[in-house]
Amino acid sequence: MQKEYILWSGIDNWLNAQGMYNRKIAKKVFALMLQIDSESIGLINVKHQCANIFTCDYLYKIQLYGNSVRRDLHNRKLFAELRLPVVSPIKVCRRHPLVVRMPILQYPHDNETAADHILAQLSRTGRTKEFRLNDYPRLMEGLRILTHCNDIGRDGSTVKDYLHRNEGVKVRTGIVHGDFHRGNVMRKGSRPLLIDFDCVRACDIQAVDALYYILEEVRHQHGYQRTWLQEWLVLFENTDLARGHKCYGQIDIDVKFGLVLLFLERLTQENKIFIEKNMLTINRINRKICCL
């Protein structure tokens, strides 16, 4: 265990050191860790203390601390119990560092159709209830961050007032993937599947998944040249973009209201440096929301 820890710590730092990447050596090291042939390794991706190793047949996910992968495995079971489309089979090969092996999948060409199919299946597991702000800790956290972003907190308070005015709006709640975008919609044979379940919530506002998917599609169309905040403004000011997607039928609440919820949720997922760098855009979004 100690040897594995030292090995992983060393390669994690080494692979991420600028100008130090050596693909041939990396393949040998990972092949040794996974006990596979180094020649079978294709793409290697290392980030956030997690390595993705692609071979012809399998994707190996290696994570030293395992928190993200463990959440992924736990939430995968939640999806499977509801008979929702998840990747199978998946095998945990080792516990320290945690290694997960899963089959290589294909990205679907009909991405919108595949996403709409999955969103429809998700929505069938939900139920309609009245929106209450206090029921959603992530949104409360987003409001706290928003208030912190403003010198006197006036705009953050106005957004909170807007959400309180909408309490009682009927929303569909149920299982939410939390990271629903084209990169996480894949295909096995003719069946569309979801991957990456570490952000799943068992009961949340399901419209967030559909809106996040559309937001990422807008970003994709613009070549990811801007931050999601700027693309959010594009989507907020042009709701016809949302109506143009097949999965629009999954959004059963006012689109702009849903976008406010998505904005707050995304704020909770970003780090403080990102928020400080994008303060001007955040303040601009605040002013847009306050005009609703």
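A salt bridge here is a side-chain nitrogen of Lys or Arg within 4 Å of a carboxyl oxygen of Asp or Glu. By that criterion, a search of the whole structure, which is a predicted model, returns 16 salt bridges.

**Salt bridges**

- Side chains of opposite charge can pair when their charged atoms come close.
- K288 and E237 are joined by a salt bridge with an N to O distance of 2.8 Å.
- K272 and E276 form a salt bridge in which the closest N and O atoms are 4.0 Å apart. The two residues sit in helix α11 (residues 272-277), four residues apart, or about one turn of the helix.
- An α-helix has 3.6 residues a turn, so residues three or four places apart point the same way.
- K272 is exposed, with a relative accessible area of 56%, whereas E276 is partly exposed at 46%. The two fall in separate classes because the boundary between partly exposed and exposed is 50%.
- E130 pairs with R132 in a salt bridge whose closest N and O atoms lie 3.1 Å apart. E130 is partly exposed at 38% relative accessible area, and R132 is partly exposed at 33%.
- R201, D204 and E265 are connected in a network of salt bridges.

- Strand β7 (residues 170-176) is mostly covered, with six of its seven residues buried.
- Strand β6 (residues 127-130) pairs with β7 in the antiparallel sense over four bridges. In this pairing E130 stands opposite K170 of β7; E130 is also the residue that forms the salt bridge with R132.
- β7 also pairs with strand β10 (residues 201-205), again antiparallel, over three bridges. Here G174 faces D204 of β10, and D204 is a member of the salt-bridge network with R201 and E265.

- Strand β2 (residues 50-55) has five of its six residues buried, so the rest of the structure largely encloses it.
- β2 and strand β3 (residues 58-63) run antiparallel and are joined by five bridges. F54 stands opposite L59 in β3.
- The two strands make a hairpin with two residues between them.

**Helix α2 and the residue after it**

- Helix α2 (residues 23-34) contains twelve residues and spans 16 Å from its first C-alpha to its last, close to the 16 Å expected at 1.5 Å a residue.
- The buried residues of α2 include A26, K27, V29 and F30, together with A31, M33 and L34.
- Q35 follows α2 and has a positive phi, near 60°. Q35 lies in the loop between α2 and β1 (41-47) and is exposed, at 69% relative accessibility.

**Positive phi at D196**

- Most residues other than glycine have a negative phi, and most peptide bonds are trans.
- Like Q35, for which phi is near 60° in a residue other than glycine, D196 is not a glycine and has a positive phi of about 60°.
- D196 is placed in the loop between β9 (191-194) and β10. D196 is partly exposed, with a relative accessible area of 23%, a value that does not count as buried because that class requires under 20%.

**Surroundings of V92**

- V92 belongs to strand β4 (residues 91-95) and is partly exposed at 36% relative accessibility.
- With neighbours within four places in sequence left aside, V92 is in contact with L73, L98, V99 and V100.
- The C-alpha atoms of V92 and M102 are 9.0 Å apart in space, the two residues being ten apart in sequence.

Notes:
Residues are numbered from 1 along each chain as its sequence is written. This is a predicted model: local features need pLDDT of at least 70, side-chain atom pairs count only at pLDDT 80 or more; totals for chains, interfaces and linings use all residues. Side-chain values use heavy atoms; hydrogens and water are left out. The expected span of a helix is 1.5 Å times one less than its number of residues. Buried means under 20% relative accessible area, exposed over 50%, partly exposed in between (1.4 Å probe, protein chains only). Two strands pair if DSSP finds at least two bridges between them. Contact means heavy atoms within 4.5 Å.
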